[in-house]
Amino acid sequence: MSLVQVEDLSVRYGARTVLSRVSLQVQPSEIITIVGPNGSGKTSLLRAIIGAVKPSQGRIVWGSGVKIGYVPQKLHIDETLPITVSRFLKLPGGIAVADIDYALAQAGVPELTKAQLSQLSGGQFQRVLLARALIGKPDFLLLDEATQGLDQRGSASFYQQIETVRQTTGCAVLMISHELHVVMSASDRVICLNGHVCCEGTPAVVASAPEYRALFGTGTGGALALYRHEHDHGHDHSDHADHCHDHTETAE
Amino acid sequence: MLDDFMVRAALAGVGVAVAAAPLGCFVVWRRMAYFGDATAHAAILGVALSLAFSMSVFVGTIVVALLMALVVSVLSGRGYAMDTLLGVLAHSALAVGLVAVSFISGVRIDLMAYLFGDILAVSRGDLSVIWGGAVLVVVLIGWRWSALLTSTLSEDLAYASGIKPKREQLVLTIALAITVAVAIKVVGVLLIAAMLIIPAAAARPLSRTPEGMAIAAGLIGILSAIIGLRAAYVLDTPAGPSIVCVAAITFVATSILKGLGRQR
């Protein structure tokens with residue numbers, strides 16, 4: 001049974017149609033990535049799924065009792081609002097201290113409990129947002145360009161963390177990313193969006209689809225090949241571990 | 001005890017400070033300062049209407065403040081920047097209110113009392129209205145606290161948690177309207193925004209959590225009311241502005257404290 005089913009969804013802002021007749025299904029523990037050019041309706045699709053945008057047509061059908069976690073695009077915390085990381089994570093209510101520590105550890109930043117939210121670096125902040133998304137033990141995690149503003153190492157280690165979370169909790173992941181090669185390597189399924197679903201399938205299928213190449217050129221096909229090469233040789237794991245290490249060091 | 005006008009004035013000031021503190025924090029966090037100002041300015045139109053239809057001033061100001069908030073939310077995002085829109089509406093409402101007041105014949109009203117407050121003339125009836133309103137605002141905001149805070153941090157995060165940010169915005173708007181209506185007698189329409197913003201801003205450097213900031217703002221507001229009234233009595237200065245001056249001095253003090261703390 002699917003976690004969520006998007007049926008024939010259209011979204012319109014005034015006279016402008018940003019999404020037309022999009023359908024997709026999310027199965028338990030799969031990682032789906034949405035790629036597409038700017039203005040292709042990626043964020044609108046995610047916001048429609050969480051209920052922040054009303055669809056002009058179509059519907060979203062949820063499996064029973066599905067809990068979602070959402071990681072927004074970089075979020076601005078006003079300097080005037082004092083709030084510690086632990087208070088932020090406690091916001092949904094009924095959260096124990098142990099849950100907070102566990103979620104922060106899962107997100108890779110166990111040391112930040114007492115830090116002020118407005119003082120965090122970009123990478124730390126995204127990880128705290130991830131912790132906040134994980135704290136309700138979601139079955140379904142949605143990420144909207146969660147690595148915006150992070151450097152390549154930071155985002156690689158962030159996606160590594162997502163993969164780890166999926167392995168340990170078995171939650172499904174639906175994410176938007178513009179970092180095509182990083183993301184496509186980690187996905188089970190890729191959906192190429194440009195107002196409508198252009199093409200979808202495994203990363204390899206999408207990367208070779210003519211619709212995808214028309215949007216992104218052949219350069220990214222090369223990047224995927226490069227990834228495969230790394231993967232074959234098993235470089236990426238030791239590599240990523242290195243990145244993780246670097247990241248926490250710079251974060252402190 | 002309530003026979004003493006100074007005691008009644010102090011209680012009125014404390015009541016307004018209690019209502020203004022948690023609300024003022026949200027006004028600061030959400031950058032609604034100008035919205036608070038606009039709602040307060042519009043209240044003078046409410047005063048005029050109340051007098052014209054011989055209703056209670058409290059009811060008139062609440063209705064107009066709510067209407068104002070409604071018009072703003074309907075018109076926002078339709079081609080005007082928010083500050084322009086609020087500027088147009090706030091000052092138009094103030095001007096229309098002042099003109100409307102001049103049409104009311106037979107009733108002699110002291111306009112200055114509504115513009116700057118008349119805390120020394122607070123009656124027992126006023127006190128019960130002020131405290132009723134203050135308790136209502138605190139209960140309303142306390143009840144919606146987590147949801148309000150989540151929507152303030154991020155609307156999308158709120159939606160994902162099953163919270164409706166529009167509804168929380170409405171809660172704040174209602175609380176703001178009540179506070180304006182309650183505070184008119186104490187500080188007047190021109191200084192209501194000051195009671196909202198200054199204690200909250202003064203509390204910011206002292207706080208690590210949102211709750212801490214709301215409580216600190218409350219204490220600063222209460223102290224400002226009491227010390228300001230005392231100063232007005234001793235120095236023979238206008239009461240409302242004196243209260244705001246004390247709050248402003250506190251703001252300067254906590255800002256300097258924060259600056260010193262950073263240097264260490």
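Q: In this predicted model, what makes a residue count as buried?
A: A residue is buried if 20 or more other C-beta atoms lie within 10 Å of its own.

Q: Why is B:Ala42 called buried?
A: B:Ala42 has 29 other C-beta atoms within 10 Å, and the cut-off is 20 or more, so B:Ala42 is buried. You'll find B:Ala42 in helix α2 of chain B.

Q: Which residues is B:Ala42 in contact with, leaving aside its neighbours within four places in sequence?
A: Those are B:Val64, B:Ala65, B:Met68, B:Ala90 and B:Ala93. There's also B:Leu89, 47 residues away from B:Ala42 in sequence but 8.0 Å away in space, going C-alpha to C-alpha.

Q: Why are α2(B) and α10(B) called roughly antiparallel?
A: Look at the angle: the axes of α2 (residues 33-52) and α10 (residues 192-203) of chain B cross at roughly 155° and come within 8 Å. Angles over 145 degrees count as roughly antiparallel, so α2(B) and α10(B) get that label. Their crossing is right-handed.

Q: Which residues meet where α2(B) and α10(B) touch?
A: From α2(B) it's B:Ala33, B:Gly36, B:Asp37 and B:Ala40, and from α10(B) it's B:Ile192, B:Ala193, B:Leu196 and B:Ile197. Sorted by class, that contact has 6 nonpolar, 1 polar and 1 charged residues.

Q: Why do α3(B) and α4(B) count as roughly antiparallel?
A: Here the axes of α3 (residues 57-75) and α4 (residues 82-103) of chain B cross at roughly 150° and come within 11 Å. With the limit at over 145 degrees, α3(B) and α4(B) are therefore roughly antiparallel to each other. The crossing is right-handed here too.

Q: How do you know what classes of residue make the contact of α3(B) with α4(B)?
A: Go through the list: α3(B) brings B:Met68, B:Val71, B:Val72 and B:Leu75, while α4(B) brings B:Leu85, B:Leu86, B:Leu89 and B:Ala93. Met, Val, Leu and Ala count as nonpolar, so the tally comes out as 8 nonpolar, no polar and no charged.

Q: What makes helix α7 of chain B mostly covered?
A: In α7(B) (residues 145-153), 7 of the 9 residues are buried. They are B:Ala147, B:Leu148, B:Leu149, B:Thr150, B:Ser151, B:Thr152 and B:Leu153. Among the elements covering them are α1, α6 (124-143), α8 (155-160), α9 (165-187) and α11 (210-235) of chain B.

Q: Which residues have the most contacts inside the largest nonpolar core?
A: B:Val16, B:Ala43 and B:Ala65 do, in a core of 164 residues. Helix α1 (residues 5-29) of chain B gives this core its largest share, 14 residues. As for B:Ala43, residues beyond four places in sequence that touch B:Ala43 include B:Thr61, B:Val64, B:Ala65 and B:Val180.

Q: What does chain A bring to its contact with chain B?
A: 19 residues of chain A are in contact with 19 residues of chain B. On chain A's side, α1 (42-50) and β5 (68-71) are the elements that give two or more residues. By class, that side has 12 nonpolar, 4 polar and 3 charged residues.

Q: How many helices and strands does chain A have?
A: Chain A has 10 helices and 9 strands. Of its 252 residues, 42% are buried.

Technical notes: Residues numbered from 1 in each chain as written. Chains lettered and ligands numbered in written order. Predicted model: local features only at pLDDT ≥ 70, side-chain atom pairs only at ≥ 80, totals over all residues. Axes fitted to C-alpha atoms, helices over the stretch in contact; angles between N-to-C directions. Helix = DSSP H or I, 4+ residues; strand = E, 2+ residues; numbered from the N terminus. Parallel < 35°, antiparallel > 145°, perpendicular 65-115°, else oblique. Left-handed = near helix turned anticlockwise from the far one by under 90°. Contact = placed C-beta atoms within 7 Å. Core = buried A, V, L, I, M, F, W, Y, C linked by C-beta atoms within 7 Å. Buried ≥ 20, exposed ≤ 12 C-beta atoms within 10 Å, placed from the backbone.
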